Amino acid sequence: MNAHAGARSPSLKSSLKPLWEYIFQGFWIACLMAVGDLFAQHYSGATDIKSIKWMRTVKYASIGMGFIGPTMQYWLNIVHPWLANQQQNYAFANLKEIVNVQLYLAPTLNLGVVFLSNLSKSVRAEDMEQGMREKYISVMESYYKFWPAVHMFSTFVIKPNSKLFFANIMAIWWFTYLSILLDDCFEGSYGSKAQL
């Protein structure tokens, strides 16, 4: 007898649910990155709508939509089922998740953002490599000064119903800083504005 004879095939709705999660996460991160870039441009001197570099904002939003959002959703799909099975020691499981994010997810995401933001600026491969090396080290140093403390504070201090709001505010702040840092690296004013 066929083992699959009694099994129902998944419905179209249940098949599309994972795809929808990736699209939603990508769209959400794209919005946060666009807002962060607009704040960064305002900080850098854009005073009205005509002085905003809209292609730069679209570039950062597209990095969020096509890379950061789907990568984070994939990570959540791996980590959250594991975390749900660790309910007997919730604090330790959350601490372990924070450490794994710092060790595995953060370097990958930041390398991708630096690489993708560098694609449109560099003409020669040598310039791209040098720019990526300098920017990636700066981004990771800033990341490790900021995000581990934010993750710990969010996990152990913030009330569960306020965590999403807090995380989104911190993400906008980070994307603002990242946009300033990456753009200033290219324009030669790297050390002047982008200090954490």
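The chain has six helices and zero strands. Helices (H or I, at least four residues) and strands (E, at least two) are DSSP runs, numbered from the N terminus. Residues are numbered from 1 along each chain as its sequence is written. In this predicted model, local features need pLDDT of at least 70 and side-chain atom pairs count only at pLDDT 80 or more, while totals for chains, interfaces and linings use all residues; side-chain values use heavy atoms, with hydrogens and water left out.

**The chain as a whole**

- Read from the N terminus, the elements run α-α-α-α-α-α.
- The chain has 196 residues, and 38% of them count as buried.
- Buried means under 20% relative accessible area, exposed means over 50%, and partly exposed lies in between (1.4 Å probe, protein chains only).
- The accessible surface of the chain is about 12,100 Å². Carbon and sulfur atoms account for 67% of that surface.
- Accessible areas come from the Shrake-Rupley method with a 1.4 Å probe; for residues, only the protein chains shown count as cover.
- Take the contacts between residues at least 6 apart in sequence: 70% of them join residues at least 24 apart. Contact means heavy atoms within 4.5 Å.

**A salt-bridge network**

- The model has two salt bridges. A salt bridge is a side-chain nitrogen of Lys or Arg within 4 Å of a carboxyl oxygen of Asp or Glu.
- One of them pairs Arg56 with Asp37, and their closest N and O atoms are 2.7 Å apart.
- Arg56 sits in helix α2 and Asp37 in helix α1, so this pair ties together parts 19 residues apart in sequence.
- Arg56 also pairs with Asp183, with the closest N and O atoms 2.8 Å apart.
- Asp183 belongs to helix α5 (residues 163–187) and Arg56 to helix α2, so this pair ties together parts 127 residues apart in sequence.
- Through shared partners, the salt bridges join Asp37, Arg56 and Asp183 into one network.
- Are these residues buried or exposed? Arg56 is buried, at 9% relative accessible area. Asp37 is buried too, at 0%. Asp183 is buried at 4%.

- Asp37 lies in helix α1. Not counting residues up to four places away in sequence, Asp37 touches Arg56, Thr57, Tyr60 and Ser179.
- Gln41 is in helix α1 (residues 12–43). Gln41 counts as buried because its relative accessibility is 4%.
- Beyond its neighbours within four places in sequence, Gln41 is in contact with Ala46, Ser51, Ile52, Lys53, Arg56 and Thr57.
- Ile63 is in helix α2 (residues 54–84). Its relative accessibility is 5%, so Ile63 counts as buried.
- Which residues does Ile63 contact, leaving aside its neighbours within four places in sequence? They are Met33, Ile68, Val113, Leu116 and Ser117.
- Ile63 and Ser117 are 54 residues apart in sequence, but their C-alpha atoms are 7.9 Å apart in space.

- Helix α3 has 30 residues and reaches 41 Å from its first C-alpha to its last. That is close to the expected 44 Å.
- The expected span of a helix is 1.5 Å times one less than its number of residues.
- Where does α3 bend? It bends by about 40° at Leu105, and a proline, Pro107, follows within four residues.
- The bend at a residue is the angle between axes fitted to the seven residues ending there and the seven starting there.

**A nonpolar patch on the surface**

- Leu95, Val99, Leu103, Tyr104, Met152, Phe153, Phe156 and Val157 form a nonpolar patch on the surface. Together they have about 740 Å² of accessible area.
- Patches are made of residues with over 30% relative accessible area and no salt bridge: like charges are joined within 9 Å, nonpolar side chains (Val, Leu, Ile, Met, Phe, Trp, Tyr) within 5 Å.
- Helices α3 (90–119) and α4 (125–156) each supply at least two residues of the patch. The largest share, four residues, comes from α3.
- Leu95 is one of the patch residues, and its place is in helix α3. Leu95 counts as partly exposed because its relative accessibility is 35%.
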